[in-house]
Amino acid sequence: MHKAWAVLVKDVRAEYRTRYAVNALFLFALVTLTALSFATGGTALSPLLAAVFYWVILFFSVFSSLAQTFVKEAETKTEFFLKLNAPDDAVFFGKWTFNLILVFLLNVILTPLFVIMLNITLAHWGVWLVTLCLGGIGLVSTTTLLGALIAAANVRGALFSVLAFPVLLPLLVTAIRVSETCFGGGTELAQADAFLVLGSYAVVSTTAAWLLFPFVWRD
């Protein structure tokens with residue numbers, strides 16, 4: 001456990017010096033949100049369209065930054081140091097926690113800006129927070145494993161998008177449906193089923209990523 005904490009602290013210190021992932025994550029989200037705000041011109045969006053916009057922004061923001069945690073190790077030639085000095089579990093959970101913190105901070109900043117700039121009414125805050133937590137865990141688990149996979153590839157950006165989209169599609173569709181109810185649309189009866197899907201996805205993706213990570217990391 002303490003080695004996973006050491007990996008997390010190393011990544012936080014490295015990010016504090018370069019701010020690469022933070023800049024990519026937050027700038028992409030803010031620029032996209034600003035462009036959407038100007039494009040809609042204050043026009044009220046339907047709950048479904050607002051839910052699609054939010055998760056598309058979150059999805060592509062994650063694309064632009066979370067995979068870099070392993071790509072940076074490959075580019076700076078520090079991956080071999082990690083492989084020699086840290087157990088696979090410690091590397092995975094250190095990186096996973098770092099990515100989860102980034103997504104949590106992004107949601108904390110993005111949610112109020114999204115509500116204000118796009119004139120959205122968030123009717124169910126409790127449901128919204130649970131959706132972000134379960135959806136964020138599934139998103140982070142999948143992208144952490146895929147980030148380790150593409151770190152050794154030559155065409156990293158294209159490969160990450162091709163691999164991540166079909167794997168994350170069930171998560172995104174479910175998160176959009178339950179988010180629609182948070183914005184005042186859809187049917188609240190579907191929330192229980194949606195939470196079951198999101199929770200199952202979070203547990204399965206985290207367990208699968210943890211079990212598969214040593215094969216991806218060592219090969």
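The chain folds into nine helices and zero strands, counted as DSSP runs (H or I of at least four residues for helices, E of at least two for strands) and numbered from the N terminus. This is a predicted model, where local features need pLDDT of at least 70 and side-chain atom pairs count only at pLDDT 80 or more, while totals for chains, interfaces and linings use all residues. Residues are numbered from 1 along each chain as its sequence is written, and side-chain values use heavy atoms, leaving out hydrogens and water.

Here are some values for the chain as a whole.

| Property | Value |
|---|---|
| C-alpha box along the principal axes | roughly 55 × 35 × 30 Å |
| Buried share of the 219 residues | 48% |
| Accessible surface | about 10800 Å² |

Buried means under 20% relative accessible area, with exposed over 50% and partly exposed in between (1.4 Å probe, protein chains only). The accessible surface, from the Shrake-Rupley method with a 1.4 Å probe, belongs 73% to carbon and sulfur atoms.

Now to one helix, α4. Six of the eight residues of α4 (residues 68-75) are buried, so this helix is largely enclosed by the rest of the structure. Those buried residues are Q68, T69, F70, V71, E73 and A74. After α4 comes K77, with a positive phi near 60°.
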